[in-house]
Amino acid sequence: MLVPIPALNDNYIWLYGRENLPVIAIDVAECKNLSAYLTQHHLQLEAVLLTHYHDDHTGGVEELKRYYPDIPVYGPAETADKGATHIVNEGNIQTAHYRIEVVPSGGHTANHVSYLIDNHLFCGDTLFSAGCGRVFTGDYGQMFESITRLKQLPDKTVICPAHEYTLSNLVFAEAFAPNEKVKSAVKNQRISVESLRAQNKPSLPTTLALEKNINPFLQAENLADFIYLRKAKDNF
């Protein structure tokens, strides 16, 4: 089971779980929609994962803990005052039913992490479909290293970003496509996503294979190219 639960303006709280097992929640932006979904579908919550400290990823944690007072909440050091009970920066987490790999992916924030569960990557604000997160730290080298690290995962990896930014990202990607082949791939994806969004359906998840074809930040060959693209996107 993989469910993006809409939250706030354009966030997704991701729920992941294997059949007939408790589920994992990633980036609890708010509590209301998440708790309602869990109740409606009679789901047990096994753990919460936080990718970084921003309020639109952590704002619902304290309220959720009132419903689930013993729930373990995993997150990087920067989430310690946002409700994290277990600090993780890399390595592996073993819950009752899941083995979760913690992937360092700083740059958007200094200690940002992503989580890999059963070939599903929950990457917060590091990687989006056709885009990447703003580099609030100013450390473009760290962000480029993070994007490069994620790019090494298998092509079939299911990418689960935390925001519905795909359409605006595709407009940028089309404008900055390095050649006609890439521009055509981006345009085709934009048409597909426009149809989904017109039906109020999420554009996510995506796959690493698809992103390699349409995401300019995954196509950046060096740090200079990455910085050029990221600053261009900031002002687009």
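## Overall dimensions

The radius of gyration is taken here over C-alpha atoms, and the globule rule against which it is compared is 2.2 Å times the number of residues to the power 0.38. For the 236 residues of the protein chain, a compact globule would have a radius of gyration near 18 Å, and the chain has 17 Å, which agrees. Along the principal axes, the C-alpha atoms fill a box of roughly 50 × 40 × 30 Å.

The model is predicted: local features need pLDDT of at least 70 and side-chain atom pairs count only at pLDDT 80 or more, while totals for chains, interfaces and linings use all residues. Residues are numbered from 1 along each chain as its sequence is written, and side-chain values use heavy atoms, with hydrogens and water left out.

## Composition, burial and charge

The protein chain contains nine helices and 14 strands. These elements are DSSP runs numbered from the N terminus, a helix being H or I over at least four residues and a strand being E over at least two. Of the 236 residues, 53% count as buried; buried means under 20% relative accessible area, exposed means over 50%, and partly exposed lies in between, with a 1.4 Å probe and protein chains only. Among contacts (heavy atoms within 4.5 Å) between residues at least 6 apart in sequence, 61% join residues at least 24 apart.

The protein chain exposes about 10600 Å², of which carbon and sulfur atoms supply 48%. Accessible areas come from the Shrake-Rupley method with a 1.4 Å probe, and for residues only the protein chains shown count as cover. There are 20 positive and 27 negative side chains, and the centres of the two sets lie 5 Å apart. In this count Lys and Arg are positive and Asp and Glu negative, whereas His and the chain ends are not counted; each charge is placed at NZ of Lys, CZ of Arg, CG of Asp or CD of Glu.

## The sheet β1 to β6

Six strands form an open sheet of mixed pairing, in the order β1-β2-β3-β4-β5-β6. Its edge strands, each pairing on one side only, are β1 (2-7) and β6 (86-87). Two strands are said to pair if DSSP finds at least two bridges between them. Strand β2 (residues 11-16) pairs with β3 in the antiparallel sense over three bridges, and Y16 has I24 of β3 as its bridge partner. These two strands form a hairpin with six residues between them, and N20 in the turn has a positive phi of about 65°.

On its other pairing, β3 runs parallel to strand β4 (residues 45-49), joined by four bridges; here V23 has L45 of β4 as its bridge partner. In a regular strand the side chains alternate between the two faces of the sheet. Strand β3 (residues 23-26) is covered on both faces, with V23 and A25 buried on one side and I24 and I26 buried on the other.

F122 belongs to strand β10 (residues 120-124) and stands opposite C160 in β13. F122 counts as buried because its relative accessibility is 0%. Leaving aside neighbours within four places in sequence, F122 is in contact with L2, W14, Y16, I26, T51, S114, Y115, I117 and C160. The C-alpha atoms of F122 and G60, 62 residues apart along the chain, are separated by 18 Å.

## Backbone features in loops

D118 lies in the loop between β9 (113-117) and β10. Although not a glycine, D118 has a positive phi near 50°. With 33% relative accessibility, D118 counts as partly exposed.

The loop between α6 (180-198) and β14 (206-207) holds P205, and the peptide bond from L204 to P205 is cis, with omega near 5°. N200 is found in the loop between α6 and β14; N200 is a residue other than glycine with a positive phi, near 60°. N200 is exposed, with a relative accessible area of 65%.
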